[in-house]
Amino acid sequence: MKKKLGIFFYFLLIFIKSQSPKLESNISILEVKYNFSYIADTLNIKSIISEPMILLTNGKRSVYYSENYKAFSDGFKKQLEIAMKTGSIVEPGKLLQSKVRHSVYKDHDSLYISNHLGKDFYTFHAENIHWEVDNLTHKVIQEYTCTKAVAKVGKRIFTAWFTYEIPVNDGPYKFKGLPGLILKVNDENKYFNFELLSLTKMNLPIEYKKGLLVTQAQYIEKRKEYINDPSQGKINTPEYRKRIEENKTKFNNFLE
């Protein structure tokens, strides 16, 4: 299977480079599924949240999102359509729930991260990552020989494992910029972990909806405001304030 995928990627990349910019922009050649897990509370190593994530990529452009959130959105849309026709009740509580709401769009050297804060939806531009590749250190991940790369991203050091066998410059979340697909990446404390689940040849539209454009600093400030008051002034009881303070303690770890 690995050999067949390798041959497929080689010839398909040659094919796509010969096609129109529109085809290159809009169609994926590969669906990569990762398991994303992170520790929500750095003082409690058991506070692990895990969710499958999808990367649709053609090596130039890609979109990355939660598989659960996509299932929820599609299910909610279907419920609405049925409700409009039959008058039935929309019950989002019966749909698959997602704890990861961020999504990422990569367009050549431009990279955009989007996230929901309550009912608001924000997008900010993120800087590219500069890696140091260690061509002497390798490991095998699902039959692919991977090479080690390290980068400082913000205040964290991340280690990525990419494979030259799949010459696609992409990876989970905002991690890209290496001469091969990233199959695994984690920070030095292993608070955040992305690991390959599956690779599938897939020609699907690369679609992305941007939110309100803000700077990264503005987004972080908006997140602080939301965490301090999710109801945006609508509730101010002692019980509400207590729950907020408890949540601030339980959920204190962020990728950005």
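**View 1. The hairpin of S10 and S11 has 4 residues between its strands.** In this hairpin, Lys 190 takes a positive phi near 60°. Strands here are DSSP runs of E with at least two residues, helices are runs of H or I with at least four, and both are numbered from the N terminus. What you're looking at is a predicted model, where local features need pLDDT of at least 70, side-chain atom pairs count only at pLDDT 80 or more, and totals for chains, interfaces and linings use all residues. Residues are numbered from 1 along each chain as its sequence is written, and side-chain values use heavy atoms, with hydrogens and water left out.

**View 2. S11 pairs with S10 and with S1.** Two strands pair if DSSP finds at least two bridges between them. S10 (residues 181-187) and S11 run antiparallel, with 3 bridges, and Val 185 sits opposite Phe 194 in S11. Strand S1 (residues 30-39) is antiparallel to S11 (residues 192-201) too, joined by 9 bridges. Here, look for Leu 30 opposite Lys 201.

**View 3. The largest pocket has a volume of about 1200 Å³.** A pocket is an open set of points on a 1 Å grid over the protein atoms alone, where a 1.4 Å probe fits and protein lies on both sides within 12 Å along at least five of seven lines; lining residues have an atom within 4 Å of a point. Points are joined across faces, edges and corners, and the volume is the space filled by probe spheres set on them. Of the 36 lining residues, Lys 99, His 116, Leu 117, Tyr 226 and Phe 254 lie nearest the centre. H5 gives the most to this lining, 5 residues.

**View 4. The second largest pocket comes in at about 590 Å³.** It is lined by 18 residues, and Tyr 69, Lys 70, Ser 73, Glu 207 and Lys 209 are the closest to its centre. Strand S3 (61-66) and helix H3 (67-86) each supply at least two lining residues, and H3 gives the most, with 4.

**View 5. Asn 115 lies in strand S5.** Why does Asn 115 count as buried? Its relative accessible area is 17%, and buried means under 20% (1.4 Å probe, protein chains only).

Conventions
Buried < 20%, exposed > 50% of the residue type's maximum accessible area, 1.4 Å probe, protein only.
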